[in-house]
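Hi,

Here is the structure I promised to pass along.

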Amino acid sequence: MVCILGTYFFGLALGEGKVVYASWNQVDRRWQYPLQLGVGLPAVPAIVQSMVVRRGNPPLFGGLMAPPRDQEQLSSWHKTLNMRFELGTLYTMIAGLLNILAIWDAYGGPVVSEPGKPERGPPGDDKSKDKDKKEN
Amino acid sequence: MPIVASSLLAAQTWYIVPLILSVSLVYGATRHELPRPILYHAWHTAVWMTVFMGGIFIVLWLVSLFL
């Protein structure tokens, strides 16, 4: 959880809170957002901001996670943040995907690794211990 | 060679380090339950990813020489 949220908030800080936003229109199809949403609640404010802005109201929380008004504003974000916009997007996307992996792990348990040679296995492997217990 | 060194030392290259750390740790945690095997697996994943991306880096660098 520390790794995932650390990655997410580091990416959000890199992008100054502008890299996570929900927008799906002719101007900007933000396909990255569904992946960012994988992180859960921390990405939900973007949906709220999107709904608020769509109703014609000014964005809340100083524009944090609010979609850009138009293409010009999006371009200015890219110009201001430069590579940090893409890096922030990448970090938050990977955090979302890692959280989906963690959810899958919580649901299905640890993935069974392929049986390898005993001398190449990790020290004190939990699965090999389980195997020893079963044999005893 | 100086171009490779300057590319590796460029500030944006180091943004990969926390990503590799977090991805390998989370991936290791999906494979094992105990801390030591998780760290062992994470180390191997981190090395594998670094070598893989290093290979791509070298290929792209070689391609860039001919552009």
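**What I found**

A:Asn82 sits in the loop that links α4 (71-81) to α5 in chain A. Before I go on, please keep in mind that this is a predicted model. A:Asn82 is not a glycine, yet its phi is positive, at about 60°. Is A:Asn82 buried or exposed? It counts as exposed, because it has 11 C-beta neighbours inside 10 Å and the cut-off for exposed is 12 or fewer.

Chain A has another residue of this kind, A:Glu16. It is found in the loop between α1 and α2 (32-36) of chain A, and its phi is near 50°, again a positive value in a residue other than glycine. A:Glu16 has 15 C-beta neighbours inside 10 Å, so it counts as partly exposed.

Now to the core. The largest nonpolar core has 30 residues. Those with the most contacts inside it are A:Ile4, A:Val20, A:Tyr21, A:Ala46, A:Ala95 and B:Val26. Which element gives the most? That is α5(A), with six residues.

Leaving aside residues up to four places away in sequence, A:Tyr21 touches A:Arg30, A:Tyr33, A:Ala46, A:Gln49, A:Met65, A:Ala66 and A:Pro67. One of these, A:Ala46, is also on the list of core residues with the most contacts.

Finally, have a look at where α1(A) meets α2(B). Their axes come within 9 Å and cross at roughly 150°. That angle makes α1(A) roughly antiparallel to α2(B), since the cut-off for that label is over 145 degrees. The crossing of the two helices is left-handed. On the α1(A) side the contact involves A:Cys3, A:Ile4, A:Gly6, A:Thr7 and A:Phe10, and on the α2(B) side B:Pro18, B:Ser22, B:Leu25 and B:Val26. Sorted by type, the residues of this contact are six nonpolar, three polar and no charged. A:Ile4 and B:Val26, which take part in this contact, are among the core residues with the most contacts as well.

Cheers

Key:
Residues numbered from 1 in each chain as written. Chains lettered and ligands numbered in written order. Predicted model: local features only at pLDDT ≥ 70, side-chain atom pairs only at ≥ 80, totals over all residues. Core = buried A, V, L, I, M, F, W, Y, C linked by C-beta atoms within 7 Å. Buried ≥ 20, exposed ≤ 12 C-beta atoms within 10 Å, placed from the backbone. Helix = DSSP H or I, 4+ residues; strand = E, 2+ residues; numbered from the N terminus. Contact = placed C-beta atoms within 7 Å. Axes fitted to C-alpha atoms, helices over the stretch in contact; angles between N-to-C directions. Parallel < 35°, antiparallel > 145°, perpendicular 65-115°, else oblique. Left-handed = near helix turned anticlockwise from the far one by under 90°. Nonpolar A, V, L, I, M, F, W, Y, C, P; charged D, E, K, R; others polar.
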